[in-house]
Amino acid sequence: MTQARARSRGTPTVRGSRRTPTKRLHGFLERPCSSSKKRAMLREKPNANARSRRSGRPLASRSCSGLSPWTNLRRASLFELARLGLLQNTSPQWERGDTMSDPHLWLEDITGDEQLAWVRERNARTEKDLDADPFTAELEAEILEILNASDRIPGVTKRGDFLYNFWTDAEHERGVWRRTTLDSYRTENPEWETLIDVDALNVAEGEDWVWHGAHALRPAEGAPYRRFLVSLSHGGSDADVTREWDLETRSFVPESEGGFVRPEARGFVSWIDEDTVWVGTDFGEGTRSNSGYPLQARVWKRGTALSDATLVFEGDAQDMLVYPSHDQTPGFERDWVTVMHTFYTSTTYAVAREGDEFQLLKVDVPSDIDVSFHRDLAILRPRNEWVTGGHTYAAGSLLACDFDAFMAGNRNFDVLFDPTPTTSLDGLTITKDYLVVTVLDDVKHRLVAHYQNGDGSWEREDLYPELTGSLYVAAVDSDENNDVWITRNDFHVPATLCLASLDGIREGSGADDIETIKTTPERFDASDVTVTQHFVDSADGTRIPYFEIAKAQATVGPRPTLLYGYGGFEVSLTPHYLGATGKAWIERGGVYVLANIRGGGEYGPAWHQAGLKENRHRVYEDFSSVARDLIDRGVTDAKHLAVRGGSNGGLLTGNMLTQYPELFGAVVIQVPLLDMKRYSHLLAGASWMAEYGDPDTDDWDFIKTFSPYHLLRDDVEYPPTFVLTSTRDDRVHPGHARKFTAALEELGAPVKYWENVEGGHGGAASNAQAARMNALVHAFLWATVGKK
């Protein structure tokens, strides 16, 4: 271990300076988290249609003790135009991203009166056009019914004797935070006790709060849970506030009575003990990164001013985020500070505390290794090949060793997972005595349980091999038992939530039989729907998988087809119940296609790294290869093929529009990045330079080849395009969508625009808003590439 003493990158400040706070970040974790978990909070969202897919995602509690959220973390790519004879088009026709000549720069003022008038005019135009057909209202009603269905499976988190859940429906647009017991949860109609009604809170306080989560303080043994740190945001933005909430009094603890209250900013507060918390927020000039995230880790004592919180660590100006955490596991209480230098590199420090003095010891591993700790284990996942201790460990492997030995310098690890050309580590769930590894094998899940014998050696056992579809595992209570929640679903098979105990594995009798706890009814007619997986060679010969989901068709001919992708930040797109998309698209005869292109994590870190920066073109080549294969196989043709993507996926579909317009009959671009010259200067954009590159350097030479705003030309016929964003998106600046739309209008291209005034980066702050957004999108798709 390397002991840190100075105040710089990877170095602590003891006691530290005082600054005046003004704002804050986004944190709600209850354990020391791997840097990959933090990336999951900060990355762009892979799915702008997240609400319509909610029933297909993991339904049980989230735990930071392992590296499980790897499956949803990072991603991106670029384009090789020479192959299509379009190389001359890679130079921008004019430097739109240059602030000296960008004619639409004024649209970056998010809330200016003139800018919002521009937005309202286009919203009205789009709604008038699409609402003229009663079909839009029909779609909206159907989607809202699905999103508000009372028979959805409530996702729960166990704390003490209760299961906690956050729930939205028609009567609770902003949602209720509630709890029940396991026995009651097992019944068809659980008895829920409401703790916080966000809609009622908004009425009482005259606010527009959106729920961001609650962080519980573990009580003394035998005592009930009482204190929580609740985070709420205005309209769904990333910036939020944190307020202490007392379960005993069922009320927020006022700041005047010693309650912890953090003002609005990108930030976090997490418990150390009843009177002490870690805090990271906006403490004034120089305390935030270029991406707007906290660079200071402070310890804040109850009853003191936030500005007087003790500075323990301060990162460098070029770092991305400093994140402290406290492990509340009984008998293994520890404190950590993690510095994220970039999206994919970090340094972790163990924090030793004596009174008001703090000492930080660096965890001595390369910065590209995800490191986490649980009880007496150190758990690592190298992102690149790692040679240490006389051994070579593969990129994407999973390593474990004794915590004390690791901190003392031992670098001999047990390899719990070693990737192959078709497999990758998609998740890790840790119970009291087991590590459950979720493996992706050609984008199909399987589970493996690992445990230690008395002599420290490891054993493994395949877990429930009979389960098919996408599998999501979460520990019920990793401190108390070996029970796990398992959620399974598929594109056309709704979610089932199961409960199982792993105790019998160590005893030789195997895991207990799975108990089905909850099931979800079908949301669309899937009686004759088939799911097939296909592979196509990309431009460089790489095999690209994709899924095709469609009803059986009696007639021959091209069908309306919607191609979805993401291709960035190591996010793996796995099968998920389509729900609203199934109702609005597949049930009516549309074909849905999910592409697993490079830049994602489907085949591990190398699959992601193959699409970074100057290699980004591979992502777009992969996606266009899938489009061509659909046409070549006769599934569809260019007139009937649409593409949809959000966030980094919006950058993807923006490149499909500008680089492959001849392949598509319609393009949907949601909450996108599009001006890649300016992206690093807008909101959280600087945090993604490890993915795309730095446009203020020579990197611009390759970045401009995948900057859709700069690739628009006046001699190209573009297909109908629908651009959507949110005024409240404080992650990806709405200026990207606004300026791109204005440029398309300037060229006379057929473009529609819709900007939700709320919703944050997810595009919608309520089920009603999500239904509205998705109804407009599907109405547009049917009007362009399909017929009702």
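Colleague: Is E570 buried or exposed?

Modeller: This is a predicted model, in which local features need pLDDT of at least 70 and side-chain atom pairs count only at pLDDT 80 or more, while totals for chains, interfaces and linings use all residues. Residues are numbered from 1 along each chain as its sequence is written, and side-chain values use heavy atoms, with hydrogens and water left out. A residue is called buried under 20% relative accessible area, exposed over 50% and partly exposed in between, using a 1.4 Å probe and protein chains only. Because the relative accessibility of E570 is 2%, E570 counts as buried.

Colleague: Which accessibility class does R250 fall into?

Modeller: R250 sits in the loop between β10 (240–246) and β11 (251–252), and although R250 is not a glycine, it has a positive phi of about 55°. Since its relative accessibility is 34%, R250 counts as partly exposed.

Colleague: How many helices and strands are there in the protein, and what share of its residues is buried?

Modeller: The protein has 16 helices and 42 strands. Among contacts, meaning heavy atoms within 4.5 Å, those with a separation of 6 or more are made to 66% by residues 24 or more positions apart. Of the 788 residues of the protein, the share that counts as buried is 64%.

Colleague: At what angle do α2 and α16 cross, and with which hand?

Modeller: Axes are lines fitted to C-alpha atoms, for helices over the stretch in contact, and angles run from 0 to 180 degrees between N-to-C directions. The axes of helix α2 (residues 113–131) and helix α16 (residues 767–784) come within 10 Å, and the contact is made by E127, L130 and D131 of α2 with R772, L776, A779 and F780 of α16. A crossing is left-handed if the near helix is turned anticlockwise from the far one by less than a right angle, and right-handed if clockwise. For α2 and α16 the angle is roughly 65°, and the crossing is left-handed.

Colleague: Which residues of α15 meet α2?

Modeller: The axes of α2 and helix α15 (residues 735–746) come within 12 Å and cross at roughly 65°, and this crossing is left-handed. From α2 the contact takes in Q115, L116, W118, V119, R122 and R125, and on the side of α15 the residues are R738, T741, A742 and E745.

Colleague: Which backbone atom does the side chain of T658 reach?

Modeller: T658 belongs to helix α11 (residues 648–659), and with a relative accessible area of 10% it is buried. Leaving aside neighbours within four places in sequence, T658 is in contact with P708, L711, L712, Y718 and F740. At 2.9 Å, its side chain reaches the backbone oxygen of G654.

Colleague: How far apart are the C-alpha atoms of L377 and D404?

Modeller: L377 is found in strand β22 (residues 377–382) and is buried, with a relative accessible area of 7%. L377 and D404 are 27 residues apart along the chain, and their C-alpha atoms are separated by 8.2 Å.

Colleague: How many disulfides does the count come to?

Modeller: A disulfide is a pair of cysteine sulfur atoms within 2.5 Å. C401 is buried, with a relative accessible area of 5%, and C498 also counts as buried, at 1% relative accessibility. By the sulfur rule, the count of disulfides comes to zero.

Key:
Helices (H or I, at least four residues) and strands (E, at least two) are DSSP runs, numbered from the N terminus. A polar contact is a pair of N or O atoms within 3.5 Å; within protein, one must be able to donate a hydrogen and the other to accept it, and residues adjacent in sequence count only if both atoms are side-chain atoms.
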